[in-house]
Amino acid sequence: MMSIASVTATTGVNGAKTSDKAGQGWGNLGAEDFVKLLTTQLNNQDPTDPVDNSQMLAQLAQFSSLSTQNDMKDSLGKISAQGDTLAQISAKLDTLNSTVAKLTSTSATPA
């Protein structure tokens, strides 16, 4: 089984500087990084054997899908955080309601 080491070099193809995101994993790549990767791939391809158009379209579709999934993940994280906040508010309202009920029943009882 072949293992893949993380990228830690500061230079890329032909000595070009790489992004600060090197070694952080694929999850940190954005649209700008993809365009840079795509143009580098096109610039360095073999002119006698260019990349197949269907492969290029497949890569674009995969990137689009990944981008959509990341957006959905972020949205679901925000919704989850809002749900936690609503649960805390609900618990505080329950405490307040029980306190008000106790005060009301105490003041309604003649002394």
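Q: Which residues of α1 are buried?
A: The model is a predicted one. A residue counts as buried when its relative accessible area is under 20%. In α1, the residues that are buried are Asp-33, Phe-34 and Leu-38.

Q: Within what arc do the buried residues of α1 fall, seen down the axis of the helix?
A: The residues concerned are Asp-33, Phe-34 and Leu-38. Viewed along the axis of α1, they line one face of the helix, because they fall within an arc of 135°.

Q: Which exposed residues are carried by the face of α1 turned away from its buried side?
A: Exposed residues have a relative accessible area over 50%. Glu-32 is exposed, since its relative accessible area is 56%. The face of α1 turned away from the buried side carries Glu-32 and Asn-43.

Q: How far apart are the end C-alpha atoms of helix α1?
A: Helix α1 covers residues 31-43, which makes 13 residues. At 1.5 Å a residue, the helix should span 18 Å. The model agrees with this expectation, as the end C-alpha atoms are separated by 18 Å.

Q: With which residue does Glu-32 form a salt bridge?
A: One salt bridge is found in a search of the whole structure. Its closest N and O atoms are 3.4 Å apart. Both partners lie in helix α1, four residues apart, about one turn of the helix. The partner of Glu-32 is Lys-36.

Q: Does Lys-36 count as buried, partly exposed or exposed?
A: The partly exposed class lies between the buried limit of 20% and the exposed limit of 50%. The relative accessibility of Lys-36 is 46%, so this residue counts as partly exposed.

Q: What accessible area do Leu-86, Ile-89, Leu-93, Leu-96 and Val-100 have together?
A: These residues form a nonpolar patch on the surface. One of them, Val-100, lies in helix α2, which covers residues 53-108. Val-100 counts as partly exposed because its relative accessibility is 43%. Together, the residues of the patch have an accessible area of about 460 Å².

Q: The backbone oxygen of which residue is reached by the side chain of Thr-106?
A: Thr-106 is placed in helix α2. With 55% relative accessibility, Thr-106 counts as exposed. Its side chain comes to 2.7 Å from the backbone oxygen of Lys-102.

Q: What percentage of the residues of the protein chain count as buried?
A: The secondary structure comprises two helices and zero strands. The chain has 111 residues, and the share that counts as buried is 4%.

Notes: Residues numbered from 1 in each chain as written. Predicted model: local features only at pLDDT ≥ 70, side-chain atom pairs only at ≥ 80, totals over all residues. Heavy atoms only, no water. Expected span 1.5 Å × (residues − 1). Buried < 20%, exposed > 50% of the residue type's maximum accessible area, 1.4 Å probe, protein only. Arc of directions from axis to C-beta. Patch = residues over 30% accessible without salt bridge, like charges linked within 9 Å, V, L, I, M, F, W, Y side chains within 5 Å. Areas by Shrake-Rupley, 256 points an atom, 1.4 Å probe, with all protein chains shown as cover. Salt bridge = Lys/Arg side-chain N within 4 Å of Asp/Glu carboxyl O. Polar contact = N/O pair within 3.5 Å; in protein donor to acceptor, adjacent residues only side chain to side chain.
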